[in-house]
Amino acid sequence: MIPTAHTDTFARDRLPPRGDWPELILDLPELRYPERMNCATEILAGAIARGQGDRVAVRSTDGLSWTYRDLDVLSNRIARVLVENLGVAPGNRVLLRGPNSPMMAACWFAIVKAGAIVVATMPLLRAKELTDIANKAQASHALCDARLAVELDLARPACPTLRSVLHFQTDAAGGVEALAAGKPASFDAVHTYAEDTALIAFTSGTTGQPKGTMHFHRDVIAACDCWPKYHLRAVPDDVFVGSPPLAFTFGLGGLLLFPLRIGASALLVERPAPESLIDVIGRLRPTVLFTAPTSYRAMALQAAGRDFSSLRKCVSAGEALPAATRKLWKDTTGIDIIDGIGSTEMLHIFISHPDDDVKPGATGKPVPGYRAAILDEVGRPLPPGKVGRLAVQGPTGCKYLDDPRQSNYVQDGWNMTGDAYLCDEEGWYVYQARTDDMIVSAGYNIAGPEVESALLLHPAVAECGVVAAPDEERGMIVKAYVVLKPGHEGDAATTRALQDHVKATIAPYKYPRAIEYVGSLPRTETGKLQRFRLRQMAQEGR
Ligand code: 3UK
């Protein structure tokens, strides 16, 4: 039995059996952690112990700024509210919901200090999705930004385990701020085990029930100590900014935990659409940017007269970074984007590269602490240059909450991400497509993202998505959905020009035989193209 400091052993009892875990590699010297650790204390008390207590930890875009000591004290007070007012016990699941803000960060640390488990939900989720998550995680409590209260209220009647909901970002007498103000500044954080669950992150699943991925206190710190240290290489004077929600582990790591682990500061933006992100960058001069490929492209396309000069490092993840977008951003800002593939299951980035070692079109090489392989259908390693299934191992890995799909993601001790990749002779990993997104047309295997990358090189194309459409003769054909830049017509001449352009850029048989012009593309809140929706449209001949 795994030892635990949780009195509510819900999480431990629903971990996959040890034999179904991926192999964990903890042999880097910095990953030899003590048997007991609380990742919130490790980060906040750690910074204060290093003499960084008076540095700015978090700030908002409207002038609020808290030092490490402020954030430590406020999260202590909120932890007391959780324990003393709400009766939160170690191991309870606490739903956390809000746009990115300093208060959201304070609540995250408070929940973790109380030994409870954070279940953060994306701001745009509706009652139905919140209900599924609350029930799957059997959440007992919720902390919710008052401005996002409505959908949670709608969900509540269908969430029998949810005993209480407190609002933050409010002056109300019963709100988190008012209750916390009456509490002493100290709190003895629960002395959790390194293998106690600290958070359950839900996948932004496109179909079926969402999957809860469990991450230990050690996983959180290991993620902070691998990719950020070796590939990002930020410094305490850096100011981090970006778009992914803290409920998405890309955002949690990149916008909160990674800066705080090194004594840097996190500028949290509530509405991070490309236009507003550009404003924030010009006005508040952050130095490290995290966002998705489409957001880089959108920002670059409206860059005229805007000021990006504060930026030093830019990170892209969530989807493949097309070479055209990398080039556009470099031409605009002079910065080589750091690409990285991560997943909710792995917690954060596991293949990437430092900004002085870039290969356009490739994601990178395994992050120190991780190893990767390309496996065939039955799990045998493939030689360089062959496309197969990406498999990874490292200090973090997939542990689904009570879910038979564990055996889809973890096979023979490897985390199988569901991506088709190749590894070239020099060890660079090159993304092809999601394994179930490969287009098979007249016997050829065609990766949609490769066709998209080619289309994006054409000056008329703002955005595009490429999927398979049914075709009597060929079984499937390549179909492109294209958003044109202003001033271009979606007519037969443009279609011919785009097709000729693709044929001249990549192997001609990959060209889109059908092109549909649309005003926008369906995307998730995390910036990912919803290919299944495009496939549905293609199926219906739209
Ligand atoms: C795809 C990429 C090519 C890939 C994530 C960084 O995206 C994250 O987590 P999700 O669970 O999705 C995982 C899947 O997204 N993907 C992500 N990054 C890249 N494909 N190049 C990339 N750079 O299919 C992967 O399997 O939503 C990313 C950190 C934390 C994360 N959770």
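Analyst: The model is predicted, so local features need pLDDT of at least 70 and side-chain atom pairs pLDDT 80 or more, whereas totals for chains, interfaces and linings use all residues. Residues are numbered from 1 along each chain as its sequence is written, and side-chain values use heavy atoms, without hydrogens and water.

User: What is the mean pLDDT of the protein?
Analyst: pLDDT is the predictor's confidence in each residue, from 0 to 100. Of the residues, 99% reach 70 or more. The mean pLDDT of the protein is 96.

User: Which element has the lowest mean pLDDT?
Analyst: Helices (H or I, at least four residues) and strands (E, at least two) are DSSP runs, numbered from the N terminus. The highest mean, 99, belongs to helix 4 (residues 102–113). The lowest, 90, belongs to strand 21 (residues 439–441).

User: Which element gives the largest share of the shell around the ligand?
Analyst: The shell holds 22 residues, each with a heavy atom within 4 Å of the ligand. Elements giving two or more residues are helix 10 (249–261), strand 13 (338–342), strand 19 (414–423) and strand 20 (429–434). The largest share, 4 residues, comes from strand 13.

User: How many residues of the shell around the ligand are charged?
Analyst: Asp, Glu, Lys and Arg count as charged; Ala, Val, Leu, Ile, Met, Phe, Trp, Tyr, Cys and Pro as nonpolar; the others, Gly among them, as polar. The shell has 9 nonpolar and 8 polar residues. Its charged residues number 5.

User: Is Ser316 buried or exposed?
Analyst: Ser316 lies in strand 12. Its contacts (heavy atoms within 4.5 Å) beyond four places in sequence include Phe250, Tyr296, Leu321 and Gly340. Buried means under 20% relative accessible area, exposed over 50%, and partly exposed in between (1.4 Å probe, protein chains only). Because its relative accessibility is 0%, Ser316 counts as buried.

User: What is the relative accessible area of Leu321?
Analyst: Leu321 occupies the loop between strand 12 and helix 13. Setting aside neighbours within four places in sequence, Leu321 is in contact with Pro293, Ser316, Arg326, Ile337 and Asp339. Leu321 is buried, and its relative accessible area is 8%.

User: Which residues of helix 13 are buried?
Analyst: Cover for the buried residues of helix 13 includes strand 11, helix 12, strand 12, strand 13 and helix 15. Just after helix 13, Gly334 takes a positive phi of about 80°. The buried residues of the helix are Ala324, Thr325, Arg326 and Trp329.
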